[in-house]
Amino acid sequence: MTTTESNLQREHTGRSTAGGTGTRGTRVIGILTLIAMVWLVAFGLGFSPADRDQDEAVRILYVHVPTIWVAYLSFITTAIASGMYLFTKKKSLGWDRLAGASAEIGTVFVAVTLIVGALWGRITWGVFWQWDARLTTTALLFVTYIGYLAVRRLEGTHQQRARRSAVIGLIAVLEIPLVHWSVRLWRSLHQEATVLDTDRNTDMDGLMLFSLFVGVVAFTLLYLWLVMHRTRGMAMEDYLDDRGLDEALVARRAEGDAFVADHATMPTAAPAATLGTEETT
Amino acid sequence: MEDAGFIIGSYALTFATVALLAWRYVRSGRRLADRVPDEEKYWL
């Protein structure tokens, strides 16, 4: 911990609350999420039947589909928040933090989707990975948002960070339709959408559909809980960054003032000239 | 259950990742909250 940080900690001891980023709202969402997750495990692994074609492997889809749903939701939220930052007069950093927090969560969920999808592929296709259109575009989506998060960590002010990342957030979201319709645009091993079938040809067992619904609800609640905690954490990080910079500036000014004061009390040109005169005489 | 290792493994991996992320956010939030005055916490 730096001196500035420990000074800040001392300064604020006793004024802060131990609650961190939690509130009654996050606690309620957290409890609902836990209940929904228990339901998901019970229905996904227990009550729902095996599939006619996929057999037991269908159970993986009750976590695989909700995780990619959360990733899409996160990246769309990032794009909307980025747009709100760029195209509103106020240029509120709150939008930037929402975009950043959402992208962070979405990236983790894309990674989970890819790994869990590989496990499903191993059972269904016999291989963990294929350079299939859906898999490849999803991997590309993951790499794009890793880049987005890397750009957020570049040097600069918070407003510079917000501007740069907002532009990328708006461009990167265009990959989502590409990922979603990749199974139709190219010949793909991956199955087409079942629930979000644009031909409205949904043909699923009731318990299977319910398990999938529970999964989507559970992971959406989880996303809300995570994004609330993360945006609050980011607000505190930004505040401490600003305070650290302010304290460093004050310390630097104090050093400068001390230097000027020291040199103002020292004899300057006159004694040197006097000494020179003495030596020559 | 056939392929139980892959199926249970996929659930375990998903929930472990989610739990790790949640724990990381809560822990960092608590640490940061100790150093930030309450008037800067818009959620309070």
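Which residues touch the most other members of the largest nonpolar core? In this predicted model, they are I60(A), L222(A) and Y223(A), in a core that holds 62 residues.

The largest share belongs to α8(A), which contributes 15 residues.

## Where the chains meet

The contact between the two chains takes 38 residues from chain A and 30 residues from chain B. On the side of chain B that touches chain A, the residues divide into 17 nonpolar, 7 charged and 6 polar.

One part of the meeting between the chains is the packing of α4(A) with α1(B), whose axes lie 9 Å apart at an angle of about 170 degrees. An angle over 145 degrees counts as roughly antiparallel, and α4(A) and α1(B) are therefore roughly antiparallel to each other. From α4(A), the residues V108(A), V112(A), I115(A), V116(A), L119(A), R122(A) and I123(A) take part, and they meet F6(B), G9(B), S10(B), L13(B), T14(B), T17(B) and L21(B) of α1(B). By class, this contact has 9 nonpolar, 4 polar and 1 charged residues.

## Two loop residues with positive phi

Most residues other than glycine have a negative phi. D55(A), however, has a positive phi of about 60 degrees although it is not a glycine, and its place is in the loop between α2 and α3 of chain A. With 14 other C-beta atoms within 10 Å, D55(A) is partly exposed.

K91(A) is likewise not a glycine and has a positive phi, here of about 50 degrees, and this residue sits in the loop between α3 and α4 of chain A. K91(A) also counts as partly exposed, with 15 C-beta neighbours inside 10 Å.

## Confidence along chain A

The mean pLDDT of chain A is 85, and 83% of its residues reach 70 or more. Over residues 1-18 of chain A, however, pLDDT stays under 50, and for this stretch the model has 23 contacts beyond four places in sequence.

Note on methods. Residues are numbered from 1 along each chain as its sequence is written. Chains are lettered from A and ligands numbered from 1 in the order in which they are written. This is a predicted model: local features need pLDDT of at least 70, side-chain atom pairs count only at pLDDT 80 or more; totals for chains, interfaces and linings use all residues. Two residues are in contact if their C-beta atoms, placed from the backbone, lie within 7 Å. Ala, Val, Leu, Ile, Met, Phe, Trp, Tyr, Cys and Pro count as nonpolar, Asp, Glu, Lys and Arg as charged, and the others, Gly among them, as polar. A nonpolar core is a set of buried Ala, Val, Leu, Ile, Met, Phe, Trp, Tyr and Cys residues joined through C-beta atoms within 7 Å. A residue is buried if 20 or more other C-beta atoms lie within 10 Å of its own, exposed if 12 or fewer, and partly exposed in between; C-beta atoms are placed from the backbone. Helices (H or I, at least four residues) and strands (E, at least two) are DSSP runs, numbered from the N terminus. pLDDT is the predictor's confidence in each residue, from 0 to 100. Axes are lines fitted to C-alpha atoms, for helices over the stretch in contact, and angles run from 0 to 180 degrees between N-to-C directions. Angles under 35 degrees count as roughly parallel, over 145 as roughly antiparallel, 65 to 115 as roughly perpendicular and the rest as oblique.
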